[in-house]
Structure formats: C-alpha cells, structure tokens
Amino acid sequence: AHSLSTEAFNGLQGRAMKALEERVCVQFLEPNGEKKLKPANLRIITARDLKEENISLISMDDFPLGAEVEAHSLSVAELNGARGSVVRHVREKERVEVNFGEPHGKKALKPANLTLLELHAAG
C-alpha cells in the first residue's frame, strides 16, 4: 500500500482478497486486519518481494493445479530457477508438489519458494 492518508498503512504488504466496485479488499497481518483500498494505492508484488514477516500471506491455493512455476530461495541451489508445473497440493505439510521433469523430478516445496509464471488447464 502507498500514498494513503493513514501513514501507518503506507509500505504495508497484504493479500488482495476480492475486488469491490471501486476498491480492493486487502488482508493485512494482525493487528491491521482487512481494509478496502483504492487500486491506485496498491502495487502488485511477487513472493520474492515479500518481507520475511509477510511470508505467511502466501498460500498453496495461490498455485492452481497445472500452473507453471519457478523455484527460488531454496537451500538446494540447483533447484533455484528451475521451472515446472503444479501437480498437487500436500495440505498436511503445507507444500505444493511441482514436477520439474528430469533431472529433478517431483518436489514438494513451500509456497513461499515458488513464483507463479503461467496458468495451464489442469487435465
């Protein structure tokens, strides 16, 4: 959020939940909660741009089945930059399973370590 009259909200990162008539409903971490803001006061960012304290805003549901993703910020350096497609959500572990193809195969990664590239029809 930026250019808001309530200075405390400028610079906060949140999750856009739904579009309303002339506002966007944005969920911020507590204690800020949900706010309805003008689109002109918002900037779209990627997971890589999130501050560490806001990583919990990313959900596995942000990565639909069939979506093309890129891995980043992993301790296994060879996977950083690898691209693959989402094959399932491992809800009990809060991970997204991605098929990177050979030589990496399928890996279950935290949503915070993925960037959404493109959506493809799951089939």
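A nonpolar core is a set of buried Ala, Val, Leu, Ile, Met, Phe, Trp, Tyr and Cys residues joined through side-chain atoms within 4.5 Å, where buried means under 20% relative accessible area with a 1.4 Å probe and protein chains only. This is a predicted model, in which local features need pLDDT of at least 70, side-chain atom pairs count only at pLDDT 80 or more, and totals for chains, interfaces and linings use all residues. Residues are numbered from 1 along each chain as its sequence is written, and side-chain values use heavy atoms, with hydrogens and water left out.

The largest nonpolar core has 19 residues, and Phe63, Val96, Phe100 and Leu114 have the most contacts inside it. Strands β4 and β6 (95-99) each supply at least two of its residues; strands are DSSP runs of E, at least two residues long, numbered from the N terminus. Leaving aside residues up to four places away in sequence, Phe63 touches Val69, Val86, Val96 and Leu114, among others, contact meaning heavy atoms within 4.5 Å. A second, separate core of seven residues includes Ala1, Leu4, Val24 and Leu37.

In β4 (residues 68-71), Glu68 and Glu70 are buried on one side and Val69 and Ala71 on the other. In a regular strand the side chains alternate between the two faces of the sheet.

Two strands pair if DSSP finds at least two bridges between them.

| Pair | Bridges | Opposite residues |
|---|---|---|
| β4 and β5 (residues 83-90) | three bridges | Glu68 and Ser85 |
| β1 and β2 (residues 24-27) | four bridges | Lys18 and Cys25 |

An open sheet of three strands has the order β1-β2-β3, paired antiparallel. Its edge strands, β1 (15-19) and β3 (34-37), each pair on one side only.

Technical notes. Buried < 20%, exposed > 50% of the residue type's maximum accessible area, 1.4 Å probe, protein only.
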